[in-house]
Amino acid sequence: MSYTFPVETSARHVHLTAEDFATLFGPDAQLTVKKELSIKGQFASNEKVTVVGPFRSQTQVELSATDARSLGLNAPVRLSGDLKGSAPCKLVGPAGEVEIAEGVIVAKRHLHISAAEAEKAGVSHGEVIQVKINSENRSLIFDDVEVRVGEGCDATMHVDTDESNAA
């Protein structure tokens with residue numbers, strides 16, 4: 001079956017808890033929206049480090065494998081939120097520092113899709129699929145793409161900057 005959707009590059013970013021944001025940017029600081037993301041209610045902010053809101057229950061850093069290696073981090077490939085046993089790091093902001101014992105991952109490629117679109121496309125939450133990228137002289141197939149069914153987003157695949165550059 002053929003189903004067409006956009007592929008977006010998910011650049012390095014940090015998901016912060018409200019507490020860690022206050023430590024990094026000051027108790028009175030507020031997130032200001034730079035750009036709305038394809039998932040409704042999520043955005044990139046204007047603050048000095050890239051923060052993707054809204055706040056999360058646990059601070060999380062998503063890097064490419066290249067970024068992780070250059071920082072000397074052994075970051076596992078995981079879906080967002082799967083942080084147990086992941087790499088530690090220190091975050092430094094204009095008002096303070098936060099050390100996280102775990103939370104650094106290389107984001108696993110995935111497809112965000114609504115329940116209605118998933119039914120139409122014949123895929124289900126947690127299913128692992130292949131996605132073919134058609135382009136002149138550089139077509140390729142991404143294997144191990146995990147389907148994430150949820151509301152608030154149109155079908156969109158996310159890959160990291162290393163994968164995007166390869167494509």
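User: Which side chain meets Glu-163 in a salt bridge?
Analyst: That's Arg-109, with 2.6 Å from N to O. A salt bridge here is a side-chain nitrogen of Lys or Arg within 4 Å of a carboxyl oxygen of Asp or Glu. One heads-up: this is a predicted model, where local features need pLDDT of at least 70 and side-chain atom pairs count only at pLDDT 80 or more, while totals for chains, interfaces and linings use all residues. Residues are numbered from 1 along each chain as its sequence is written, and side-chain values use heavy atoms, leaving out hydrogens and water.
User: Is Glu-163 buried or exposed?
Analyst: Glu-163 is buried, at a relative accessible area of 13%. Buried means under 20% relative accessible area, exposed means over 50%, and partly exposed is in between (1.4 Å probe, protein chains only).
User: How many salt bridges turn up in the whole structure?
Analyst: The search finds five. Among them, Asp-67 pairs with Arg-12, with the closest N and O atoms 2.9 Å apart. That pair links distant parts of the chain, 55 residues apart: Asp-67 sits in helix α2 (residues 65–71), and Arg-12 in the loop between β1 (7–9) and β2 (13–15). Helices (H or I, at least four residues) and strands (E, at least two) are DSSP runs, numbered from the N terminus.
User: And which of those two is buried, Asp-67 or Arg-12?
Analyst: Asp-67 counts as buried at 12% relative accessibility, whereas Arg-12 counts as exposed at 53%.
User: New topic: what volume does the second largest pocket have?
Analyst: About 380 Å³. On a 1 Å grid over the protein atoms alone, a pocket is an open set of points where a 1.4 Å probe fits, with protein on both sides within 12 Å along at least five of seven lines; lining residues have an atom within 4 Å of a point.
User: How do the rings of Tyr-3 and Phe-5 sit, then?
Analyst: The structure has two aromatic pairs. In the Tyr-3 and Phe-5 pair, the ring centres are 6.4 Å apart and the planes are at 40°, so the pair is tilted. Rings of Phe, Tyr and Trp (its six-membered ring) pair if their centres lie within 6.5 Å; planes under 30 degrees apart count as stacked, over 60 as edge-to-face and the rest as tilted.

Conventions:
Grid points are joined across faces, edges and corners, and a volume is the space filled by probe spheres set on the points.
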